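This report describes the fold of a single protein chain, element by element. The sequence and the model are shown below.

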Amino acid sequence: MTNLKTKIKVGDQIEVIKGKDLGKKGQVEKILREKSRILVKNINLVKKHIKARKGVQGGIISVERPLSIANVQLLCPNCQKRTRIGIEGEGKNKQRICKKCKAPLASKTEVKNK
Ligand SMILES: [Zn+2]
């Protein structure tokens with residue numbers, strides 16, 4: 001069962017529209033469908049304390065935490081605006097388009113994975 005409404009895919013550029021990272025832009029690294037969350041490079045960073053162990057240097061590192069899909073919007077690579085995703089065509093010719101400029105939203109990873 002999935003309640004994921006987004007058509008965002010890995011590799012897409014997004015902009016954060018809510019929360020502490022408001023206005024930040026980044027590339028989608030991972031989509032956690034069950035949790036309706038996505039992982040975006042350099043967004044929603046939290047500091048983690050690492051305890052020094054044998055062979056491991058202690059200290060503070062920053063790691064990305066997944067954020068809610070509701071808090072981001074796709075950034076169109078063509079018009080550079082925040083946009084909603086439309087679907088055009090049918091079957092194999094189905095493609096995502098930008099609702100603002102109507103440009104197709106090609107995903108690099110789409111080709112790689114299928
Ligand atoms: Zn556009």
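## Confidence and overall make-up

The model is predicted, with a chain average pLDDT of 89 and a score of at least 70 for 89% of the residues. Residues 109–114 have pLDDT under 50, and the model gives this stretch four contacts beyond four places in sequence. Where pLDDT is low, the predicted coordinates should not be read in detail.

The chain contains ten strands and one helix, arranged along the sequence as β-β-β-β-β-β-β-β-β-β-α. Of its 114 residues, 18% are buried. Among contacts with a separation of 6 or more, 39% join residues 24 or more positions apart.

## The six-stranded sheet

Six strands form an open sheet in the order S6-S3-S2-S1-S7-S8, and their pairing is antiparallel. The edges are taken by S6 (67–68) and S8 (82–83); each has a single partner strand, so one side of each lacks a neighbour in the sheet.

Strand S1 (residues 13–16) is joined to S2 (residues 25–32) by three bridges in the antiparallel sense, and Gln13 has Gln27 of S2 as its bridge partner. S2 also pairs with S3 (residues 37–40), again antiparallel, over four bridges. In this second pairing Leu32 stands opposite Arg37 of S3. The two strands form a hairpin with four residues between them, and Ser36 in the turn has a positive phi of about 55°. Most residues other than glycine have a negative phi.

At the other end of the strand order, S7 and S8 run antiparallel and are joined by two bridges. Leu74 is paired there with Thr83 of S8. The loop between S7 and S8 holds Gln80, which has a positive phi of about 65° although it is not a glycine. Gln80 is exposed, with 12 other C-beta atoms within 10 Å.

In soluble globular proteins, nonpolar side chains tend to be buried together. Here the largest nonpolar core has 13 residues, and those with the most contacts inside it are Ile8, Ile14, Val28, Ile38, Val40, Leu67 and Val72. The elements giving two or more residues to this core are S3 and S7 (72–75).

Which residues does Ile8 touch, not counting those up to four places away in sequence? They are Ile14, Val28, Ile31, Ile38, Ile69 and Leu74.

Strands S4 (residues 45–50) and S5 (residues 59–64) pair in the antiparallel sense over six bridges, with Lys48 opposite Ile61 of S5. How many of the six residues of S4 are buried? The number is zero, so S4 lies largely in the open.

Arg65 lies in the loop between S5 and S6 and is exposed, with 12 other C-beta atoms within 10 Å. Not counting residues up to four places away in sequence, Arg65 touches Asn44 and Val46. The C-alpha atoms of Arg65 and Lys41 are separated by 9.4 Å, and these two residues are 24 residues apart along the chain.

Strand S9 (residues 85–88) is joined to S10 by four bridges, and the two run antiparallel. Ile85 stands opposite Cys98 of S10. The hairpin has six residues between its strands, and Gly89 takes a positive phi near 85° in it.

In a regular strand the side chains alternate between the two faces of the sheet. S10 has a covered face, made of Arg96 and Cys98, and an uncovered face, made of Gln95 and Ile97.

The phi of Lys102 is near 65°, a positive value in a residue other than glycine. Is Lys102 buried or exposed? With 12 C-beta neighbours inside 10 Å, Lys102 counts as exposed.

Methods. Residues numbered from 1 in each chain as written. Predicted model: local features only at pLDDT ≥ 70, side-chain atom pairs only at ≥ 80, totals over all residues. Pairing = 2+ DSSP bridges. Core = buried A, V, L, I, M, F, W, Y, C linked by C-beta atoms within 7 Å. Buried ≥ 20, exposed ≤ 12 C-beta atoms within 10 Å, placed from the backbone. Contact = placed C-beta atoms within 7 Å. pLDDT = per-residue confidence, 0-100.
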